[in-house]
Amino acid sequence: MHKIIPAIAIAAIHGAVSVTAQACAAGTAQQIGGNWYCSEVKAITYSNFPGTGSYNKVTNMDANTGQCTSEKQAYRGSLAPMSEELSMHFRGPTFLKQLAVYYPQSDAKVKRSDHVHAHAHRHGQQQAHHPKRDHAPGRRAVGDMVVATIDGQVVSWANEYAGPGASPNTAAAQPLPEPQTTLATSFGSPSQVPSTTSTPTSPDPINPLPHADSSGGGSGQWARQAYFNAEAGSSNGFTFLNHFGGTSGKPGTADGGPAFGASLSYASPDGRSAAASPQTLGNKMIDDDVEIIVLSDKTCEGDSCGYTRPGGVAYHGFGGDSKLFMMEFSMPRSGKTGFNGDMPAIWLLNAQIPLTSQYGTNPKCSCWTSGCGEFDLFEVLDTGNFRCKSTLHMAPAGGSSDYFRRPDTSTIKAAVLFHGANQAAHIKILDNGQNFDESLAADVVEAMAQEGGHGGQSSVFRLADV
């Protein structure tokens, strides 16, 4: 997540897969700052997960040589590999007001919410700008291939956008490239893409949170397992981290040098430095190019999280085929330029990535390059832009070019629902009256999984369409 290149149906940026999934409505496709956009929406569904595959799981990191070893890790499940433990990531300028994680639980005995709110709120003004980093999780560079479906035609081209220059928001839509049929792949050849004709049985995910039922919504309730409220200065079930391991004598490590990058560390309340112990994120905006990582408050004991960076700070993520992330946030305009200036983003990673090497220079030290999973939820791709894109990086990879309006003047509430029974992941803007109660009724959560609605301002991206 970070420097994402033009993409409408990037379905083959990281895996040779079907490129269909979604086409822009006729006449709506426009290229801004090297990225393609279709229409503003209030809900996006990602469906047709392949269910099976594999990636290279890191098994050892040698700090003396900066080298790593790995082994092939097979996965199987309705939303795999996104059913594995995930970490949450927030990059400024972002003001995180509330955050919660829910799991289905039929016997919850806590206060519930019966309010169904699925309407969107529009905030923001049209401007433009673009965040970028180098080739780390979710970041792509000049020369990477882009595959898109534009006005019903499949096209591909090499990315030529190297960063912000003149204000891209004022530029006219660029001419569409000539249609081609070649698909780029780095997660395997077309023959290695698993079939989508069956629905595999999911293994039990690592899930350190008690009493969580990952079978699906069912007729019961969804229980809140973690909650943060910035205004109240309270947090339960979360650990706030950043990438300053080993600095100033704080917990974590920088052993391995640039090959590994700094490990996770406890974040200071403003996220700009490391802390000696867990701290609650402050009630203020996360600054430009500052990244906060959120994991659970359950420490990794032994190999319970798989292999983790020696000497690093390590906590469990949030696993399971069915899980719900709810958040209230804004993305104010900072007016800053330069590296990641005014380019806020919210995304999810397979937790193995930050627990080993998220920003190291040795790609063999991260499972990201082999497709263990990243889900960009709300990402501004060029400095000051008012559009937030979403993209899945796995095998297959793909991203909707419909976009959410950046909430720059006030907060919005949003849900990210992984619905194992439906084999789909949903991003939805909620009504501002939606509460983050200790429990949510099943029908409230099911409403978040409904495709369509929103007066036509919703879209579906089918990952494995042919």
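Residues are numbered from 1 along each chain as its sequence is written, and side-chain values use heavy atoms, with hydrogens and water left out. Because the model is predicted, local features need pLDDT of at least 70 and side-chain atom pairs count only at pLDDT 80 or more, whereas totals for chains, interfaces and linings use all residues.

**Strands and sheet**

Helices (H or I, at least four residues) and strands (E, at least two) are DSSP runs numbered from the N terminus, and two strands pair if DSSP finds at least two bridges between them. An open sheet is formed by 9 strands in the order E15-E14-E13-E16-E6-E18-E19-E20-E21, with antiparallel pairing. Its edge strands, E15 (274-275) and E21 (404-405), each pair on one side only. Within this order, strand E13 (residues 238-242) pairs with strand E14 (residues 265-267) over 2 bridges in the antiparallel sense; Leu-241 has Tyr-266 in E14 as its bridge partner.

Strands E4 (residues 52-62) and E5 (residues 67-76) also run antiparallel and are joined by 10 bridges. Gly-53 has Tyr-75 in E5 as its bridge partner. The hairpin of E4 and E5 has 4 residues between the strands, and Gly-66 in this hairpin takes a positive phi near 75°.

**Disulfides**

A disulfide is counted where a pair of cysteine sulfur atoms lies within 2.5 Å; the count comes to 4 disulfides. With the bonded cysteines numbered in sequence order, the pairing is 1-2, 3-6, 4-5, 7-8.

| Pair | S to S distance | S-S torsion and hand |
|---|---|---|
| Cys-24 and Cys-38 | 1.7 Å | about -75°, left-handed |
| Cys-68 and Cys-365 | 2.0 Å | about 100°, right-handed |
| Cys-300 and Cys-305 | 2.0 Å | about -85°, left-handed |

Cys-68 lies in strand E5 and Cys-365 in the loop between helix H1 (352-356) and strand E19 (374-379), so this pair ties together parts that are 297 residues apart in sequence. Buried means under 20% relative accessible area, exposed over 50%, and partly exposed in between (1.4 Å probe, protein chains only). Cys-68 and Cys-365 are both buried, as are Cys-300 and Cys-305. Cys-24 counts as buried at 5% relative accessibility, and Cys-38 counts as buried at 5%.

**Residue Asn-422**

Asn-422 lies in the loop between strand E22 (412-419) and strand E23 (424-430). Asn-422 counts as partly exposed because its relative accessibility is 41%. Asn-422 and Ser-47 are 375 residues apart in sequence, and their C-alpha atoms are 8.1 Å apart in space.
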